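Have a go at each task before reading its solution.

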2 protein chains.
Amino acid sequence: MLRSSPFFPTTVEDYRKIVDDYDTWLFDCDGVIWKGNTPIQGAAEVSQFLRSRGKRIIFVTNNPTHSRATFKKKFAAMGVEASVDEIFSSAYASAVYISSVMKLPKDKKVYVIGMSGIEEELREQGITTCGGTDPSDNILEPIDNPAHDPSVAAVLCSYDSSINYAKLSKAFQYLTCNPDCAFLCSDEDLTYPVEDGVLFLGTGALTAMMRYSLGREPVNFGKPSRTMFESIIAKHDINPSRTIMIGDRLDADVAFGKNCGVATMLVLSGLASLADVSEVGPIVPDFVTEGLSDFCVLGST
Amino acid sequence: MLRSSPFFPTTVEDYRKIVDDYDTWLFDCDGVIWKGNTPIQGAAEVSQFLRSRGKRIIFVTNNPTHSRATFKKKFAAMGVEASVDEIFSSAYASAVYISSVMKLPKDKKVYVIGMSGIEEELREQGITTCGGTDPSDNILEPIDNPAHDPSVAAVLCSYDSSINYAKLSKAFQYLTCNPDCAFLCSDEDLTYPVEDGVLFLGTGALTAMMRYSLGREPVNFGKPSRTMFESIIAKHDINPSRTIMIGDRLDADVAFGKNCGVATMLVLSGLASLADVSEVGPIVPDFVTEGLSDFCVLGST
């Protein structure tokens, strides 16, 4: 589907046609299903309605701080049905890429800037990690030259609220001392929203330091990168022409949909506002709606 | 003086002519006078020789972690004579700019990412700081919205070995919530060398995070910015055509000399090697020599 400007569905028929046209529904989470720890109105009902119509539902999040098992608990707390197989996070996509695409040898390891969720996903794929949440591995001594540890084959940067100088310098040194060391990042979100519109720095900001100092671009596993889609199609049989991606960010969600050749819907229940949807902008969604609750015009069956 | 390729002095006459041609000698420190905590051979003798010939000596360092008073002690430990008035550091240049050029009102303050040396210089210029080494100001709570503190008129980024997520996010929020908040950095050195050729991340790397997330460039007080030169000429009466800058980095020291319209000499006793000196490169020094000890051919008087 190609449109030069987004379509704003309004009638029952508009929404019914969208439901009829797509078999697989990819949902971003923050700003679509929930906001922080508060469920977004309509999300539970609409996802249940789509299931009742035999639609496949997949949740795609750039949040790398939780494992899928932890996300499953969060979905339950939000009243939304979700199985682990339906949840694709940037932490999981990172782990799948390192084990299945890079095929990291068993005697090699990954230096992690990140939190326990990403470590959990990596270990579940049989990947040995260092750094991360291990306090003994986050101390920097001037004589501590990581070039002496050639078993570190990749540095994986991810959101880390305990980021410190030792972690950043170690990551930098692994990448500098060994040009074959892969430079990876779970996602490139510059910021993430917390309460009251305040923005905190995201993975993209933490990675900027390395990207700028090294003059090297990381391999990104988060939206809008197609890598995330490849980890989805490795597990689910999907027809892109009958798939729609729904999200609240043009640069991550809508761009992701475009990169994967699927239809896109921007919801205004998260970061983007109507003013962000420009017909002349570089990223134009196929559909724009206030939020998932707009689908409630279709009733519950 | 304009040259299309650098001149490599070899004879006593070559060195004598350089000494005769320049009255003011600007010296970078790390890689020229010392390496870490080890004096570089010849530095003490050559600076003493130049003083005996009535030359003015000024030390210009991008290291923002010490105050000039602390640097004076380091010079003494290296056996090199230096007064506080002869030492220009990026911390001092930052403080002079904020007090004399920005003319920060007394009821405003500066949020500092940095160490005690830069705080000391700021306070000496009568500037109120927050953040920095104050542990009580480096804790981030989700409800801690810095937009509520409009007295923060500038964020000054500097090398900080205790950098953490709270400091980075606070700096980012001051700059995001108040578009009039000035974005400043002591220097833009991406890395600094420690033992065995290992590089640690410098101010430029820490600043990259903010620069990238904000899409905004900081005002830089370190070499190669002319701002550093302006703080020197505010204190010393200098004739640029009879001034030479000597340093070990093309991008910081030689570029600084070029930006200030003074002659430049690259020494190979620090970061740069002969291979870095390309006739077709964008930054060509006027002179190249192994190190200050090469001036010893002139004897001690």
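**Exercise 1. Find the helix that holds Arg68(A), decide whether this residue is buried or exposed, and list what it touches.**

Step 1. Arg68(A) belongs to helix α3 of chain A, which covers residues 68-77. Helices here are DSSP runs of H or I with at least four residues, strands are runs of E with at least two, and both are numbered from the N terminus.

Step 2. Buried means under 20% relative accessible area, exposed means over 50%, and partly exposed lies in between (1.4 Å probe, protein chains only). Arg68(A) has 8% relative accessibility and so counts as buried.

Step 3. Leaving out residues up to four places away in sequence, Arg68(A) touches Val84(A), Ile87(A), Ser89(A), Tyr92(A), Glu121(A) and Glu124(A). A contact means heavy atoms within 4.5 Å.

Before going on, a word on conventions: this is a predicted model, in which local features need pLDDT of at least 70 and side-chain atom pairs count only at pLDDT 80 or more, while totals for chains, interfaces and linings use all residues. Residues are numbered from 1 along each chain as its sequence is written, chains are lettered from A and ligands numbered from 1 in the order in which they are written, and side-chain values use heavy atoms, with hydrogens and water left out.

**Exercise 2. Work out which residues of α1(B) are buried, and what they pack against.**

Step 1. Helix α1 of chain B spans residues 12-21, and its buried residues are Asp14(B), Tyr15(B), Ile18(B) and Val19(B).

Step 2. These residues lie on the same side of α1(B), because they cover an arc of only 135° around the axis. The arc is that of the directions from the helix axis to the C-beta atoms. As a reminder, an α-helix has 3.6 residues a turn, so residues three or four places apart point the same way.

Step 3. Now look at the face turned away from the buried side of α1(B): Glu13(B) and Lys17(B) are the exposed residues there.

Step 4. The partners of the buried residues of α1(B) in chain B are β1 (24-27), α2 (43-52), β13 (243-247), β14 (263-267) and β15 (287-289).

**Exercise 3. Describe the overall build of chain A.**

Step 1. Count the elements: chain A has 15 strands and nine helices.

Step 2. Its radius of gyration is 20 Å, close to the 19 Å that the globule rule gives for 301 residues, so chain A is as compact as a globular protein of that length. The radius is taken over C-alpha atoms, and the rule is 2.2 Å times the number of residues to the power 0.38.

Step 3. Of the 301 residues in chain A, 56% are buried.

Step 4. Take the contacts in chain A between residues at least 6 apart in sequence: 70% of these join residues at least 24 apart.

**Exercise 4. Examine the backbone at Pro224(A) and Lys103(A).**

Step 1. Recall that most residues other than glycine have a negative phi, and most peptide bonds are trans.

Step 2. The peptide bond from Lys223(A) to Pro224(A) is cis, with omega near 10°. Pro224(A) sits in the loop between β12 (219-220) and α8 (226-233) of chain A.

Step 3. Lys103(A) is not a glycine, yet has a positive phi of about 50°. Its loop runs between α4 (90-101) and β6 (109-113) of chain A. With 59% relative accessibility, Lys103(A) counts as exposed.
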